[in-house]
Amino acid sequence: MTTRHLSSYISMVASGCILFLARGLRIWSEGTGNKVVLWNPTTKEFNAIPPSPFESFSPPAELNFKAAIEFRANPILHGFGYDCVRDDYKLIRHTCIDYCFPDSSDLLIGMPSDRDLSLLQDKSLNPFWEIYSLRSNSWNKLDADMPRCRQYCNGFVTNGVNTDGVCHWLHLDSENNYVGACLISFNLRNMVFTNTLIPSFIGANWAKLMVLNGSIALITYHEKITTFNISVLGELGVKESWIKLFIVGPLPCVHIPIGVGKKGEIFLRKKDDELAWIDLNTNTIEELGFKGNRYNWRGQIVTYTKSLLPIERISY
């Protein structure tokens, strides 16, 4: 891996986003997750994570499709964190194999036959989990059957957080009115995941995980009543251990929340596009003096701990 200064790469990642953080390091992704960068904002160094060998997908020869077909790996990042047992940084993602028939517009030669369509059910084309180790600079498939997240699910931000070497994300089923919505927690040390059902948030228009005083918290926003609810999880795997800490509002000036700060501050965009934050102690709103892009509703609040350790030292 080659460590370079961030300025030489900025044109490439300008359209990307910061997804995860651990011990002062950031994971920056372009698009859905095919191009991933490890970045230290303090030293301004970055390191391009090598592509997974599983991205260059070719179907088994014995499938022998008659129609022309193209395959593409579609990975979605789910977590990044530090494994203190092995002194290793790890990244986990879920990869689907998408396909298309490029000649399907030609009804004589391009349309897939019933046989071709049945071959697409082969288990070699099933989605899979994979994990990257910075220590070994390699990718490996995971033998795991975990619910995945969807990056944006009808306004819900399902991308997760990391606490003490455990990656957490939301699994939501919008087609079933979010019944069975749950928190998935994957332990990077023992490669075991835990499923925790979450309280019903029917009527909420926005939801996001956050870390509040070291605990996993879920914040939801109800647009009709312009109110935030903040709940904290007491024990992984126990639905009944969710405790509702705050109900904030009504706040009719709010358009949409965009993130949470280190001390639990809620950052938001107002209806006039002004960026502001809510102090939960005083229940007051203070403007930041900046306006958001009204044509891009997505936003991120990123906090980190400074680390002066060069990435090339971390890369062993």
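Which residue forms a salt bridge with D83, and how far apart are the closest N and O atoms? I looked this up first in the predicted model. The partner is R86, and the closest N and O atoms are 3.1 Å apart.

**Entry: the D83 pair and its network**

I checked the accessibility of both residues. D83 is buried, because its relative accessible area is 0%. R86 has 44% relative accessibility and so counts as partly exposed. I then followed the shared partners and found that salt bridges join D83, R86 and K90 into one network. The total count of salt bridges in the model is five.

**Entry: confidence**

I noted a mean pLDDT of 75 for the chain, with 70% of the residues at 70 or more. Residues 1–18 stay under 50, and the model has 45 contacts for them beyond four places in sequence. A further stretch, residues 152–156, also has pLDDT below 50, with 21 contacts beyond near neighbours in sequence. Where pLDDT is low, the predicted coordinates should not be read in detail.

**Entry: the four-stranded sheet**

In what order do the strands of the open sheet of four strands lie? I read the order as β6-β7-β8-β9, with antiparallel pairing. The edges are β6, residues 70–83, and β9, residues 138–142, and each of these pairs on one side only. Neighbouring strands are turned against each other by 30° on average, direction ignored.

I looked at one pairing in detail. Strand β8 covers residues 128–133 and is joined to β9 by five bridges, the two strands running antiparallel. For S133, the bridge partner in β9 is S138.

R93 and E130 meet in a salt bridge, at 2.9 Å from N to O. R93 belongs to β7 and E130 to β8, so the pair ties together parts 37 residues apart in sequence. Both R93 and E130 are buried.

Next I took the pair E287 and K270, whose closest N and O atoms are 2.6 Å apart. Because E287 is in strand β23 (residues 284–291) and K270 is in strand β21, this contact ties together parts that are 17 residues apart in sequence. E287 is partly exposed, with a relative accessible area of 39%, whereas K270 is buried, with 14%.

**Entry: the largest nonpolar core**

Which residues touch the most other members of the largest nonpolar core? I listed I219, F228, I230, I266 and I278, out of 19 residues in that core. The elements that give two or more residues to this core are β16 (206–212), β17 (215–222), β18 (227–233), β20 (254–260), β21 (266–270) and β22 (274–279).

I then listed the surroundings of I219. Leaving aside neighbours within four places in sequence, the contacts of I219 are W206, A207, K208, F228, N229, I230, V260 and I266.

**Entry: backbone exceptions**

Most residues other than glycine have a negative phi, and most peptide bonds are trans. I searched for departures from both patterns.

D87 is not a glycine, yet has a positive phi of about 50°. I placed D87 in the loop between β6 and β7 (88–100). Its relative accessibility is 34%, so D87 counts as partly exposed.

D273 is not a glycine either, and has a positive phi of about 75°. This residue lies in the loop between β21 and β22. Is D273 buried or exposed? D273 is buried, because its relative accessible area is 8% and the cut-off for buried is under 20%.

For the peptide bonds, I noted the one from G249 to P250 as cis, with omega near 5°. P250 is in the loop between β19 (242–248) and β20.

**Entry: V36 and P51**

Last, I checked V36, which is in strand β4 (residues 35–40). V36 counts as buried, because its relative accessibility is 5%. Between V36 and P51 I recorded 8.3 Å from C-alpha to C-alpha, at a separation of 15 residues in sequence.

Definitions and conventions:
Residues numbered from 1 in each chain as written. Predicted model: local features only at pLDDT ≥ 70, side-chain atom pairs only at ≥ 80, totals over all residues. Heavy atoms only, no water. pLDDT = per-residue confidence, 0-100. Contact = heavy atoms within 4.5 Å. Pairing = 2+ DSSP bridges. Axes fitted to C-alpha atoms, helices over the stretch in contact; angles between N-to-C directions. Core = buried A, V, L, I, M, F, W, Y, C linked by side-chain atoms within 4.5 Å. Buried < 20%, exposed > 50% of the residue type's maximum accessible area, 1.4 Å probe, protein only. Salt bridge = Lys/Arg side-chain N within 4 Å of Asp/Glu carboxyl O.
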